[in-house]
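These are my notebook entries on one structure. I set down what I looked up, entry by entry.

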Amino acid sequence: MKTILGRTLLGNYSTYQYLLAIILISLVIRVNFCCDLFLHEWDERYHALVAKHLIDHPLKPTLYETPIHDYDHTNWISNHIWLSKPPLPLWFMALSIKCFGLHEFSVRIPALVFSSLSILLIFLTARKLFSNKIGLLSAALWGVHGLITDLVSGRLSSDGVEVCFLFFVLFGIYHVFRVEQYKLKWYNYAIIGFIMGLAVMCKWQPALIILVVLFFYHFDKRSILPHLFGCFLCLLSSACVVLPWILHILNSFPVEAKSFLMSLFSPFYNESINPDGKWYSYLSDFGNFFGFSTYLIMAIVLFQLLKSKNQLFITLLVWIILPLAIFSCAEVKRGTYLFISASGVFMLIGWACSHEFTNSNLISKSMRILGICSVILIFGYSLDRMFLFKKRIYSREWSDKIKNAQYEKGAVIYDEPHYIELMFYHDVTAYPYSKP
């Protein structure tokens, strides 16, 4: 009876119905939060303004389109040539604004699309590695997670840029897992490298996590040299995507480009701009985002791996732990950075809820309990982020005032606290200070 019921609920046709329901529910939740009629302070308003300017000149990212006064080219919130983020997510935003008009919702449409496609990718990856049931649970955790909703709606720093980056990371890792272990061909390495290049064009060096997952999952002592050559081919393919942009900005904006490229590793030696960024900040954030019980799941899996090595679980743990360790060494702390490993965490939680690691009943029951606890904690965190029991205000008085104001094209405005938003809604140059 249990087997028949399981087949009925998780048959191919029904499985995709459940998956579609997860995608639609997540869309309803996120569309609701994307309806804020104002641009959020960090970092959405800057991304929106740069994307607006990219419509007119896609290869020249600018914040201030026509700066009137001198500026510091290293100050990303007030400079002219804006290279703080790679261009790919901003191109998507620019295309959306071009198609749907100059509106806050247009800025968020690419994030809505990529967050929904990510649900599909997580399901396909988890189904390939484990089962339909684990795939659905992993997809559901991604679909309702409150922090992803915050990113999609622009309420957290990195906003849609981060969502776009996470999609391409997932896309690359899906291709890593899609091919059976040790059976990658040269063109598979090249395809993975191409996707990794697109991820680099969203958020630079963190995209290399794809290469790490590729190396560990397909590592085979018997054919280590071909695998190393394949990883090199992956890097070469990625470079073919990224180098044209690097060469373009070095040639077109040499001062800004050299300064920016030198600062790519600045989070590791600059003084933190986040005074609460302690060395253990990410450890705490991880527990808040994914449930502290997930630490125990990882510890039990690690203990079992000491007895019987399982390459899949080694890869999952490396995928989860390596970013956690590297980011913890950085001075700048951003909790959203941890979501580069989120899909791996969700799959591990889904497996803990559904599968046995050994024949030990005690370990099996413990894993299930911990997995269920993690799911409950994630849903609890997400419900808290949704402000279900608080009245939401979809507009701001200052935003309505800016939109309804009339300005001549090319006007210069001073003493405007929301100067970035003003330049987004109107073709003017605005400053937060008085006229010199």
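I looked up the contact between Arg 108 and Glu 44 and found that their side chains form a salt bridge, 2.6 Å from N to O. I take a salt bridge to be a side-chain nitrogen of Lys or Arg within 4 Å of a carboxyl oxygen of Asp or Glu. Arg 108 belongs to helix H5 and Glu 44 to helix H3, so this pair ties together parts 64 residues apart in sequence. I number helices from the N terminus as DSSP runs (H or I, at least four residues). Both Arg 108 and Glu 44 are buried. For these labels, buried means under 20% relative accessible area, exposed over 50%, and partly exposed in between (1.4 Å probe, protein chains only).

I note the basis of these entries: the model is predicted, local features need pLDDT of at least 70, side-chain atom pairs count only at pLDDT 80 or more, and totals for chains, interfaces and linings use all residues. Residues are numbered from 1 along each chain as its sequence is written, and side-chain values use heavy atoms, with hydrogens and water left out.

How many salt bridges does the structure hold? I recorded 9. Among them is the pair Glu 162 and Lys 203, at 2.7 Å from N to O. Glu 162 lies in helix H8 and Lys 203 in helix H9, so the pair ties together parts that are 41 residues apart in sequence. I found Glu 162 buried, and Lys 203 likewise.

I then turned to Arg 155 and Asp 150, whose side chains meet in a salt bridge of 2.4 Å, N to O. Arg 155 counts as partly exposed because its relative accessibility is 22%, whereas Asp 150, at 0%, counts as buried. Asp 150, Arg 155 and Arg 385 are linked in a network of salt bridges.

Next I checked the backbone. A cis peptide bond, with omega about -10°, joins Trp 42 and Asp 43. Asp 43 sits in the loop between helix H2 (12–33) and helix H3 (44–54). Ser 158 is not a glycine, yet its phi is positive, about 85°. I placed Ser 158 in the loop between helix H7 (146–152) and helix H8 (159–178); at 5% relative accessibility, Ser 158 is buried. Asp 159, also not a glycine, has a positive phi of about 30°. Asp 159 lies in helix H8 and is buried at 2% relative accessibility.

I looked up Leu 102 in the loop between helix H4 (88–100) and helix H5 (104–129). Leu 102 is partly exposed, with 38% relative accessible area. Leu 102 and Ala 48 are 54 residues apart in sequence and 9.5 Å apart in space, C-alpha to C-alpha.

Which residues lie closest to the centre of the second largest pocket? The space in this pocket is about 350 Å³. Of its 15 lining residues, Lys 52, His 53, Asp 56, Glu 65 and Asp 427 are the closest to the centre. By class, I recorded 5 nonpolar, 5 polar and 5 charged residues in the lining. A pocket here is an open set of points on a 1 Å grid over the protein atoms alone, where a 1.4 Å probe fits, with protein on both sides within 12 Å along at least five of seven lines; lining residues have an atom within 4 Å of a point.

Note on methods: Points joined across faces, edges and corners; volume = space filled by probe spheres on them. Nonpolar A, V, L, I, M, F, W, Y, C, P; charged D, E, K, R; others polar. Helix = DSSP H or I, 4+ residues; strand = E, 2+ residues; numbered from the N terminus.
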